[in-house]
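Let's take a walk through a protein model together, one step at a time. Have the sequence and the 3D view ready, and turn the view as you read.

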Amino acid sequence: MRFDRWPGGLDRSAGRAAALAVIVVAVATTSSAVAARVLSVHDEGHLHFIESDGSEIIDEGAATGTVPGTLRVHFVYNGEPAVSARFTISGHGGSISGRAGGRLNNPTSPAPSFRGAFTITGGSGRYAHIHGTGELFGVFTRRGRNKYALVVQAIGKDPY
Amino acid sequence: MSRAPLIAVALALALCTALPAAALGATTATMSATFTPDRLGAATTLSFNFQIAADAEAPALLTGVDFRYPVNLGIATSGLGVASCPVAALEARGPSVCPPDSRMGSGSALVEIPIGSDLVQETAQVALVAGPSQNGYVHILASVTGESPVAARVVLSTQLQPGLLQIPVPPIPSLPEAPYVAVVRMHLILGGHLTYYEPVHGHSVAYQPVGIGLPRRCPRGGFPFSAGFGFLDGGHAEARTAVACPRGR
């Protein structure tokens, strides 16, 4: 999936808080010849702005894909191009938590993009033993009715 | 190894930094900062002032300011500066050429120019705009425009770093044969009443940028700000202040 498809999705979104985030996490289960199951993560969803705490933006919304549920993201951007985030996806089968870091480009754009990596730090229920890493792509919308929107794509293969 | 020499050095350094600049026969500086509104967790406008006083007949020539602010202040997430203003155009024609969405704030500067035996003062207008970024940092340009008695425009450039704005100030020529212009007071507002525009269904719709996000917790003693001032004669001055925590929180 190409990253530059995302901003258009934000423009179509509306609603107060204008913080709309899209995260896609498509998860597929495959067998490993060695041992554990592996999640092939590739997910997507829309989040809205909840609140901010200084340089931290908190967004939440529905995640769709193989692990549908509620996604909550704490996104930190303090002027350093290196942005960071903590996230939790809570679904029917359990939850997945992690942290992410990336580099933000074109900071004076209405919707700067960022790219980086995520690390899964824990899980519960079906995902109690999940671990691993993956790639992260995103867009941070900074203006108008869609302020604080995040668009995030996560791709990875993570044993659980 | 004995720690005594290290302690002695540390004490000497601490003593040096604790001495007021005036005691060294140098220039002094003071500063203040305010949030409007001053409400934890809310969007706000940051205003700050600094003033420089020289213990000499001629004003000290400022060469740079290191402005330090709380690292968790939501300046980068403020929604300010969602377009950039070309530096060359800003230098040549002033801030009116900049896109409205690049405006980040405003202010004024009081400068002094020694002319003969007189010390002439001039108030210059300051416009803060976002500049082009090649390295991922937000670049802030300060366009300082004076009209009389010295008509000049200077564009200062800084990049927003976590908790720090380093602003180099070049020598500012004044009248022929006269010394450089000296900045003695500055008032800057980051945020405020700004109007931006965004495309909605093919129309340009005006909106106000969110403003700087205040943290939800106030540190003990208030939100600390400080600034270091460098001068052409090699002197240095420090100033610090704190924005008191809002009552009832």
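Predicted model: local features only at pLDDT ≥ 70, side-chain atom pairs only at ≥ 80, totals over all residues.

For the complex it gives an ipTM of 0.82 and a pTM of 0.82. The average pLDDT of chain B is 87, and 89% of its residues score at least 70. Residues 1–24 of chain B stand apart from that picture, with a pLDDT below 50. Beyond near neighbours in sequence, this stretch has six contacts in the model.

Now turn to chain A. Its make-up is one helix and nine strands, and their order from the N terminus is α-β-β-β-β-β-β-β-β-β. Chain A has 160 residues, of which 52% count as buried. How much of the contact in chain A comes from residues 24 or more positions apart? Among contacts with a separation of 6 or more, such pairs account for 47%.

Next, let's look at charges. Side chains of opposite charge can pair when their charged atoms come close. Over all chains, the structure holds seven salt bridges. One of the salt bridges joins Glu56(A) and Arg86(A), with 3.8 Å between the closest N and O atoms. Why does this pair tie together parts that are 30 residues apart in sequence? Glu56(A) belongs to strand β3 (residues 56–65) of chain A, while Arg86(A) belongs to strand β5 (residues 82–91) of chain A, so the bridge spans that separation.

Another salt bridge in chain A pairs Glu135(A) with Arg115(A), whose closest N and O atoms are 3.6 Å apart. Here, too, distant parts of the chain are linked: Glu135(A) is in strand β8 (residues 132–141) of chain A and Arg115(A) in strand β7 (residues 113–123) of chain A, 20 residues apart.

In chain B, return to Glu238(B), which forms a salt bridge with Arg68(B); their closest N and O atoms are 2.8 Å apart. Glu238(B) lies in strand β14 (residues 236–243) of chain B and Arg68(B) in strand β3 (residues 62–68) of chain B, so this pair ties together parts that are 170 residues apart in sequence. Arg68(B) is partly exposed, with a relative accessible area of 28%. Some salt bridges share partners: Glu51(A), Asp53(A), Glu60(A), Arg72(A) and Arg216(B) are joined into one network in this way.

The contact takes 25 residues from chain A and 37 residues from chain B. Between the two chains, about 2,400 Å² is buried, and carbon and sulfur atoms give 48% of this area. On the chain A side, Thr108(A), Arg142(A) and Arg143(A) lose the most area to chain B, together 28% of what that side buries.

How many salt bridges are there between chain A and chain B? The count is two. The side chains of Glu51(A) and Arg216(B) form a salt bridge, with 2.8 Å from N to O. Three elements of chain A, β2 (38–53), β3 and β6 (94–105), each give two or more residues to the side that touches chain B. Of these, β2(A) gives the most, with three residues. By class, that side of chain A has nine nonpolar, eight polar and eight charged residues.

Our last stop is Ser174(B), in the loop between β8 (164–168) and β9 (182–190) of chain B. Its relative accessibility is 16%, and Ser174(B) counts as buried. A polar atom of the Ser174(B) side chain lies 2.5 Å from the backbone oxygen of Pro179(B). Leaving aside neighbours within four places in sequence, Ser174(B) is in contact with Ile113(B), Val150(B), Pro179(B) and Val181(B).

Notes
Residues numbered from 1 in each chain as written. Chains lettered and ligands numbered in written order. Heavy atoms only, no water. Salt bridge = Lys/Arg side-chain N within 4 Å of Asp/Glu carboxyl O. Helix = DSSP H or I, 4+ residues; strand = E, 2+ residues; numbered from the N terminus. Buried < 20%, exposed > 50% of the residue type's maximum accessible area, 1.4 Å probe, protein only. Contact = heavy atoms within 4.5 Å. Buried area = accessible area lost by both parts, 1.4 Å probe. Nonpolar A, V, L, I, M, F, W, Y, C, P; charged D, E, K, R; others polar. pLDDT = per-residue confidence, 0-100. Polar contact = N/O pair within 3.5 Å; in protein donor to acceptor, adjacent residues only side chain to side chain.
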